[in-house]
Amino acid sequence: MLKLYGGARSRAAIIQWYLEELEIPYEVVLLDMQAGEHLRPDFLKINPMGKVPAIVDGDFRLWESGAILLYLAEKYGRMAFSLEEKAIFAQWVLFANSSLGTGIFIEANREREMPRLLTPVNEILGNQPFLLGNDFTVADVAVGSILCYIPIMLKLDLSAYPAIVKYIQSMSERPAFQKSIGARK
């Protein structure tokens, strides 16, 4: 069974959300980060950087939330994807983890980056229910998790982005979201 390593209030909840969406059996291994369990030799064999999330799927070990999301989409997604589709997924996952995450959650960047990043996302979501059209994908988990954390952690005014507000509401109502990120509110 796939094992998901995480800690309280970690990005492991994002991976858990996607595992729930894919309906993959998994076991959560919660590490006590305050006690340094993520720095113990047994976990450093899984992730030598000593960070969560990480997964063990059979003999395969992987860390970094974006890499894990893309791996899960490739291995457990119910559709075969072209090289171009995989690249689009990677584009959105990388955007979420680097541009969007740092643009919103690093306070020094927020005033400049938030409008620049959220305006085009709002336009996209104003025309379709999900980032890539009518189907929920790994891109929605990556970007949706970052967006859903805004009202949970930052309480920022998003009224200038009504499509994003609607999208956040839609994502947060998904049963898989409720079993993962929503359960940690």
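**Salt bridges in a predicted model**

Glu113 and Arg112 form a salt bridge in this predicted model, with their closest N and O atoms 3.0 Å apart.

User: Why is the contact between Glu113 and Arg112 called a salt bridge?

Analyst: Happy to walk through it! A salt bridge needs a side-chain nitrogen of Lys or Arg within 4 Å of a carboxyl oxygen of Asp or Glu. The closest N and O atoms of Arg112 and Glu113 are 3.0 Å apart, so the pair meets that cut-off. Arg112 and Glu113 also belong to a network of salt bridges with Arg116.

User: What makes Glu113 buried or exposed?

Analyst: Buried means under 20% relative accessible area. Glu113 has 11%, so it counts as buried. For Arg112 the value is 52%, and exposed means over 50%, so Arg112 counts as exposed.

User: How do you know that Arg174 and Glu21 link distant parts of the chain?

Analyst: Good one! Their closest N and O atoms are 2.7 Å apart in a salt bridge, yet the two residues are 153 residues apart in the chain. Arg174 sits in the loop between helix H7 and helix H8, and Glu21 in helix H1. Glu21 has a relative accessible area of 18%, so it is buried.

Note on methods: Residues numbered from 1 in each chain as written. Predicted model: local features only at pLDDT ≥ 70, side-chain atom pairs only at ≥ 80, totals over all residues. Heavy atoms only, no water. Helix = DSSP H or I, 4+ residues; strand = E, 2+ residues; numbered from the N terminus. Buried < 20%, exposed > 50% of the residue type's maximum accessible area, 1.4 Å probe, protein only.
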